[in-house]
Amino acid sequence: MHRAPTICLSNTAIDVHGRRKIASYGLSRYKNREEIMSSSIYWLIIFVFAYWVYCITWGIKGALRAKTASDYFIAGRQISVWVFVLAATATSFSGWTFVGHPALVWRDGFPYAYASFYAITIPFTGVLFLKRQWLLGKRYGFVTPGEMFSTYFKSDTMRVLTVIVALFFSVPYLGVQLRASGYLFNVLTDGLLSINVGMVMLASVVTIYVALGGGWTGVMILTYMFALMGIQSAPAFSMWAFANKNPKPFPLQQVIASSIGIGFILIVFTAIQGMGGHALMDAGIIPSLADGKQGSLVPWLIHLMGDHVPWLTGLLAVCALAAMQSTGAAYMSTASGMLTRDLYKHFLNKDASHRQQKFFGRLLVIVVVGAALVVAITSTDALVLLGGLAVSYGFQMWPALIAILYVPWLTRQGIVTGLVAGLVAVTLTYKFEFGMPWGAYPLTIHSAGWGIIFNLTLAVLVSAFTQPSEKEFARRFEFHRFIRQHAGVPKAKQHLKPIGWIITLLWFMFAIGPFAVIGNSIFGNPNTPETWFWGMPSIWIWQIIWWALGCYMMYFLAFKLEMSTNITGEVDVLAEDIGDVKVPEGTVPARKSV
């Protein structure tokens, strides 16, 4: 007797017989394994194969072009405007936005849609830090953030801590992307490919081309955004800053691509996806997404195209894979770069040639991917938790970046103490079962918020008692004098700084802070649709309004205050690659202007 075909969702097989309208998109009609290989699956294979061939081809081209370690790890500081705009945007938002965000809007409704504001808070971090990091990388030849921090603070401890944060960020975050890709393959192939097989396939391809070429409250929303702001303050994005030919791409990525482009998609389109999933499920068009299966929402929406526009299934699948791969590739390459430069070259082989550095960089890409695969395969239930923990760790780099880019008063001892305390606080207030009396997210403050509270508090207190000698302070102040000379707010626009502060504080308080609760009912009673303005829930209108105001805030900061634009004067380059400098730390090499 013929058995009903099944579809694998997570670890559960769902019988498709008896589900209303499921037969309409051709899942219950298959009689044998050959029939399951529908035209949509063939298109999926064709598109994915073509895309992966394209990726590997560019990996080979990159390998042939990479003559030095700087070429391999940061593209010889020659990343062009649109490459950075597109790649950095894809890396910032990743497969999590493509697959995970609509799923959680489906599960939690419009309250979770406040997370859509990460389209603004993530690039907000870039507005503060990327241009200034680019300047320091250009002048001193930094390839990794560990080199930047250790040179400024004269501290190998800071170098090692930076690598640790990078690994704590990269490995679980990469694991999330790999598992999402495996899940996508599993659903789109009707279970022909298991989740683990899909993960290994993606990991293998990305490894090849990277190794070659290189509970919601106002406070909870605000501090959750802190965690997501850790994406562009994580060490990986410091390397992205160093890799650019010039800072021109920064405001385009931060304002146009992220805040406006991705913001519109998240605030409008993913909200429709998430809430529309309820209508599709109630009509029996897609299976139930209850009991933790919400992650299959987007794969099912893609699957629905199969019978009607089969080639579109393949194209959309490639879009999702590209989002996941872009994130995975970025964190593979940057993590391997930091391991190579900050550990192998600095501690084990100070005279490592460029060829040796590239070899170990490629070898360590495999190590990083292997670690991420182990995490993804063995920690299936905790993987999303680990991904959230990763961005919270990345956010703990804020005080160190503030110290080197804005506030010379903060000392090495203060920053190191604060960073260690912040990482510990994040870990002990996260969703792990440590048996702590306060549990997860005490006082509805996200662990990223608790981490930064302890981090900044101790950084300030310890700095107050560990001020350096006058000579050491003068050495460090040279960094700040250089930054202020080339990246400070112009005198003609100094009067705009208070306005920038006011706009920013108001936006954070009303868009994602304690006053966001006003939006729940200001445009109509949420329980009485007849009172809704324009037939839309009040909370959604509120989110749309503050998204638009957030786009203006980003424009004001990035363009009007020139926090992401315009480098003033010529930059004296002290070294193309600090790893090639053979003079003692603090000694100034020969200069050349650019």
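Is Arg 341 buried or exposed? Arg 341 is buried, with a relative accessible area of 2%; here buried means under 20% relative accessible area, exposed means over 50%, and partly exposed lies in between (1.4 Å probe, protein chains only). Before going further, please note that this is a predicted model, in which local features need pLDDT of at least 70 and side-chain atom pairs count only at pLDDT 80 or more, while totals for chains, interfaces and linings use all residues. Residues are numbered from 1 along each chain as its sequence is written, and side-chain values use heavy atoms, leaving out hydrogens and water.

Side chains of opposite charge can pair when their charged atoms come close. A salt bridge is a side-chain nitrogen of Lys or Arg within 4 Å of a carboxyl oxygen of Asp or Glu, and the whole structure holds 9 of them. One joins Arg 341 to Glu 147, with the closest N and O atoms 2.8 Å apart. Glu 147 is buried too, at 6% relative accessible area. A network of salt bridges links Glu 147, Arg 341 and Asp 577.

Next, look at Arg 159 and Asp 342, whose side chains meet in a salt bridge at 2.9 Å, N to O. Arg 159 is buried at 5%, and Asp 342 is buried at 0%.

Finally, find Lys 493 and Glu 562, which form a salt bridge at 3.1 Å, N to O. This pair links distant parts of the chain, 69 residues apart. Lys 493 is partly exposed at 22%, whereas Glu 562 is buried at 14%.

Conventions: Helices (H or I, at least four residues) and strands (E, at least two) are DSSP runs, numbered from the N terminus.
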